[in-house]
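Let's walk through this one together, a question at a time. Have the sequence and the model open as you read.

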Amino acid sequence: MAAPVSMCCRLFDRNGALTRVRKLFARRVNRSIARSCSGATHEENEVELTDSTIAGSNFKTRATQRLRDDSILPFSAFLTDNFGRRHNYLRISLTEKCNFRCQYCMPEEGVKLTPRGQLLSTSEVLTLARLFVQEGVDKIRLTGGEPLIRPDVLHIITQLRKLEGLKTIAVTTNGMNLARLLPNLKEAGLDLINISLDSLVPAKFEFIVRRKGFHKVMEGIEKAIELGYSPVKINCVVMRGLNEDELLDFAALTEKKPLEVRFIEYMPFDGNKWNFKKMVSYQEMLDRIRQKWPDLEMLQAGQTDTAKTFKVPGFKGQLGFITSMSDHFCGSCNRLRITADGNLKVCLFGNSEVSLRDVLRSGASDEELLQIIGAAVGRKKKQHAGMFSISQMKNRPMILIGG
């Protein structure tokens, strides 16, 4: 991690560097705030601007302190927020397009896609990835839309694999094209796979995703197991009245297969007609599963794990619960997101965004980009709003975020 330290040294040890940084910071932040999510009011933007100024001051203090403190492991000040959270996990959306129309992800009529020229090019994706990895990111997850419909996904993974310091490359996919592409994806360097699957009943599956393809998804899961991925993670969004009756069937999949079935609480995003009554809480799901397997045991979780994991003794796989709504895990959040059109989101449920694409295309240097990134990370709140407040916030549909 010598690069982050040397970068900080260059920024803060030069004569007059702080003055130049302060001017650059103010100019960039003002532009970035102007490009914040369109749902923000003028008053909200004023608050964001005030917070940004404070965050910028705190950020420079953090950077200086980071250089003076040799007692802790070096980590980039640009990716460390005001609450000490180190963001070493980056999610990059490769496309807004998808070959499914999942009910919890997007409106039935689809979404208005960003013009192609406003999406990140391959070289821009790799430039940003390189910069984040240089600063300490060691895990990148490729998302969408559906990332496997991007024609150059193999090339992107191949190039990411060359980044020194990047330990893990993951992908979240709907599984439709997985069986066909996976041998090449593995050869390119793909480490982890998450596959979305919301029903084990073909007709119900088609109702939820509004498309055919159940058997292709199941084929993709089997191919991942065959090629040695373990565990293969299955993401299941649980919705009352649709698939909560399949909890035990999903859990049973882990008996003989190296799967981690992850039950995700239904979350509100623009266009998915979120209703609190549709949400099945983690505790309710856990209680149902424990009625069938009372010896279900909780596993030790990592400090930044989002899933609460459990295992039925003797089963090959395990279960996970993503409790974003009923029991948030913001305190250990280490994730940042880049949308397909190049906006940086520091919180999935936040509506503030900063365009890295525009800064990149303006000819900005790495140091200038890092200042923008550091300012955005510095504005990250301690935790997201409660579930009822979230449902009233203006935010992108999930498909345009990279879920």
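**Strands and helices**

Visitor: In which sense do strand β3 (residues 168-173) and strand β4 (residues 192-196) pair?
Guide: Strands here are DSSP E runs of at least two residues, helices are H or I runs of at least four, and both are numbered from the N terminus. Two strands count as paired if DSSP finds at least two bridges between them. β3 and β4 are joined over four bridges, and their sense is parallel.

Visitor: Which residue of β4 is the bridge partner of T172?
Guide: This is a predicted model, with pLDDT of at least 70 needed for local features and 80 or more for side-chain atom pairs, while totals for chains, interfaces and linings use all residues. Residues are numbered from 1 along each chain as its sequence is written, and side-chain values use heavy atoms, leaving out hydrogens and water. In β4, T172 is bridged to N194.

Visitor: Which strands stand at the edges of the open sheet?
Guide: The sheet has 12 strands with mixed pairing, in the order β7-β8-β9-β6-β5-β4-β3-β2-β1-β10-β11-β12. An edge strand has a single partner, so one side of it lacks a neighbour in the sheet.

Visitor: How are helix α4 and helix α5 oriented?
Guide: Axes are lines fitted to C-alpha atoms, for helices over the stretch in contact, with angles from 0 to 180 degrees between N-to-C directions. α4 (residues 122-134) and α5 (residues 153-160) pack at about 25°, their axes 11 Å apart. Since angles under 35 degrees count this way, α4 is roughly parallel to α5.

Technical notes
Angles under 35 degrees count as roughly parallel, over 145 as roughly antiparallel, 65 to 115 as roughly perpendicular and the rest as oblique.
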